[in-house]
Amino acid sequence: MTHMLNAAADRVKWTRSSAAKRAACLVAVAYALKTLYPIISKRLKQSGHRKRKEAAYPTAENREILHCTETTCKNSSPGVNADFFKQLLELRKILFPKLVTTETGWLCLHSVALISRTFLSIYVAGLDGKIVKSIVEKKPRTFIIKLLKWLMIAIPVTSVNSAIRYLECKLALAFRTRLVGHAYETCFTNQTSYKVINMDGRLANPDQSLTEDIMMFSPPNLCNPDLLTSYTLIQTATSRGASPIGPTLLAGLVVYATAKVLKACSPKFGKLVAEEAHRKGYLRYVHSRIIANVEEIAFYRGHKVEMKQLQKSYKALADQMNLILSKRLWYIMIEQFLMKYVWSSSGLIMVAVPIITATGFADGGGNDIYA
């Protein structure tokens, strides 16, 4: 190997170290090709197999189109439009049939808990600043007092956080109860269940829709009232003589740009999850069919056929879940980068601009930043 490197270096006028680096690069490239080529070829074969399988096994959307006529079936992409608000209004009538209900009470309690946690978070943030200020000023007595206050305020903070989680679960259970009751009432009125199972093929697995789909739809995701925190920051900046217009515009611009980028990069998770739910329902249907016809299967010795059917159904479900995981991998990378690092850098700019441009810190008021 040494003689080859010397000969190559003498012929092309390379130094020995340069020839060794180039040889190492060639070896690394050859090893990478040898390692990655089987993986890439396998992925390409799986992609071709998946396309052929989808052609033979149509998706839930295509199966729905097969059962619809041109006048009744409209393939419209989901969006915030008039149909969305109409469906939201119908859903509101189911979840809140009257103004004063149990669900309204749980929702009001949950909102109060969220607002309480916001005020507590603002107080804890101010207390953190005072603790840092006592450390910088080397006041151990003040530090101990503030630390004790910090530990005492942790008790109501943890209680409120636990209460928020409890109220979320109670609200989700109340919503699920309303939806299940409405679905049962609709299903067992005017022989609807018989028509769905025997005369209408648009809903292949009604038991899946009445159990898993409603359960996945029920949990509410309520955001924190961050307007109070924003108002506190704006009020503090204004009291220090800084203009909050620039940071506010920056925050709005960053949120708008993030929403646009995520919307452009987001895969169609709705259709993917709908197909996953359909395949879960079909797997459950295969199991229930085996249970219902266990005597005929044992009599005709059809165990192998049914096992192959189960394995095929489960493999279809596993392939769909792997597809969702692979698409979610890079999407979560983009989402985390934007929301964790881009938003954090924007937040630092939003905090730094009022402090730099404020007039209240000029005359020896710099230490009040911790207060």
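Helices (H or I, at least four residues) and strands (E, at least two) are taken as DSSP runs and numbered from the N terminus. The structure is a predicted model, in which local features need pLDDT of at least 70 and side-chain atom pairs count only at pLDDT 80 or more, whereas totals for chains, interfaces and linings use all residues. Residues are numbered from 1 along each chain as its sequence is written, and side-chain values use heavy atoms, with hydrogens and water left out.

The pLDDT, the predictor's confidence in each residue on a scale from 0 to 100, has a mean of 76 over the protein chain, and 67% of the residues reach 70 or more. Over residues 55-75 the pLDDT is below 50, and this stretch has 19 contacts (heavy atoms within 4.5 Å) beyond near neighbours in sequence. Over residues 362-371 the pLDDT likewise stays under 50, with 16 contacts in the model beyond four places in sequence. Where pLDDT is low, the predicted coordinates should not be read in detail.

A nonpolar core is defined as a set of buried Ala, Val, Leu, Ile, Met, Phe, Trp, Tyr and Cys residues joined through side-chain atoms within 4.5 Å. The largest such core has 19 residues, of which Leu95, Trp106, Ile153, Ile164, Phe175 and Ile214 touch the most other members. Both α5 and α6 (140-187) supply at least two residues each to this core, and α6 gives the most, with ten residues.

Most residues other than glycine have a negative phi. Lys138, although not a glycine, has a positive phi of about 60 degrees; Lys138 lies in the loop between α5 and α6 and counts as exposed because its relative accessibility is 74%. Arg301, also not a glycine, has a positive phi of about 55 degrees. Arg301 is placed in the loop between α12 (294-299) and α13 (303-357), and with a relative accessibility of 72% Arg301 is likewise classed as exposed.

Note on methods
Buried means under 20% relative accessible area, exposed over 50%, partly exposed in between (1.4 Å probe, protein chains only).
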